[in-house]
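Good morning, colleagues. I would like to take a few minutes to present one structure, with attention to its charged and aromatic side chains. Please look at the display first.

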Amino acid sequence: MAHHLSEALDALQAGQWERAHSIVQSDASADAAWIHAHLHRIEGDEGNAAYWYRRAGRPAARGSLDEERQAIVHSLTQH
C-alpha cells in the first residue's frame, strides 16, 4: 500500500477526517478515489461520494462503513 494512503487510513481511524481528506485529495489514483468516496460517504454526502466511486471505477458501497473500510484496507494490502 502506498505510504500516503496508509497515512490517510490511519488519520481516519484516529478521527482526523480533514487530514485524511487532504491526503487523498492530492492523489489522482483509483485507490485514493475509493478512499475519497468513503470519506464523503462518512460525512453523508452521497452525491459527492458517487462522483468519487465513479472516479475509482467502483460501484457505490452498500454495506456498512466498517465493512467498506475493511475492504479498502484488504484491497490495498494486496497490491
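**Charged pairs, a surface patch and an aromatic pair**

Let me begin with Arg-69 and Asp-66, whose side chains meet in a salt bridge, with N and O 3.7 Å apart. By salt bridge I mean a side-chain nitrogen of Lys or Arg within 4 Å of a carboxyl oxygen of Asp or Glu. Both residues lie in helix α5, three residues apart, which is about one turn of the helix. Helices here are DSSP runs of H or I with at least four residues, numbered from the N terminus. Arg-69 is buried, with a relative accessible area of 17%. On burial, the cut-offs are these: under 20% relative accessible area is buried, over 50% is exposed, and anything in between is partly exposed, with a 1.4 Å probe and protein chains only.

Before going further, a word on the basis of these values. This is a predicted model, in which local features need pLDDT of at least 70 and side-chain atom pairs count only at pLDDT 80 or more, while totals for chains, interfaces and linings use all residues. Residues are numbered from 1 along each chain as its sequence is written, and side-chain values use heavy atoms, with hydrogens and water left out.

How many salt bridges does a search of the whole structure find? The search finds three. Another of them joins Arg-41 and Glu-68, at 3.0 Å from N to O. Arg-41 lies in helix α3 (residues 30-42) and Glu-68 in helix α5 (residues 65-77), so this pair ties together parts that are 27 residues apart in sequence. Are these two residues buried or exposed? Both Arg-41 and Glu-68 are buried; for Glu-68 the relative accessibility is 5%.

Because Glu-7 belongs to helix α1 (residues 3-13) and Arg-19 to helix α2 (residues 17-25), the pair ties together parts 12 residues apart in sequence. Glu-7 is partly exposed, at 27% relative accessible area, and Arg-19 is likewise partly exposed, at 40%.

Glu-18, Glu-43, Asp-45 and Glu-46 form a negative surface patch. A patch is made of residues with over 30% relative accessible area and no salt bridge, like charges being joined within 9 Å. Asp and Glu count as negative, and the place of a charge is taken as CG of Asp or CD of Glu. The areas come from the Shrake-Rupley method with a 1.4 Å probe.

Arg-54 and Ala-30 are 24 residues apart in sequence and 9.3 Å apart in space, C-alpha to C-alpha.

Finally, the aromatic side chains. The structure holds one aromatic pair, formed by Tyr-51 and Trp-52 in an edge-to-face arrangement, 5.0 Å centre to centre with 85° between the planes. Rings pair if their centres lie within 6.5 Å, and planes over 60 degrees apart count as edge-to-face. Tyr-51 is partly exposed at 35% relative accessibility, whereas Trp-52 is buried at 14%.

How values were computed
Helices (H or I, at least four residues) and strands (E, at least two) are DSSP runs, numbered from the N terminus. Patches are made of residues with over 30% relative accessible area and no salt bridge: like charges are joined within 9 Å, nonpolar side chains (Val, Leu, Ile, Met, Phe, Trp, Tyr) within 5 Å. Rings of Phe, Tyr and Trp (its six-membered ring) pair if their centres lie within 6.5 Å; planes under 30 degrees apart count as stacked, over 60 as edge-to-face and the rest as tilted.
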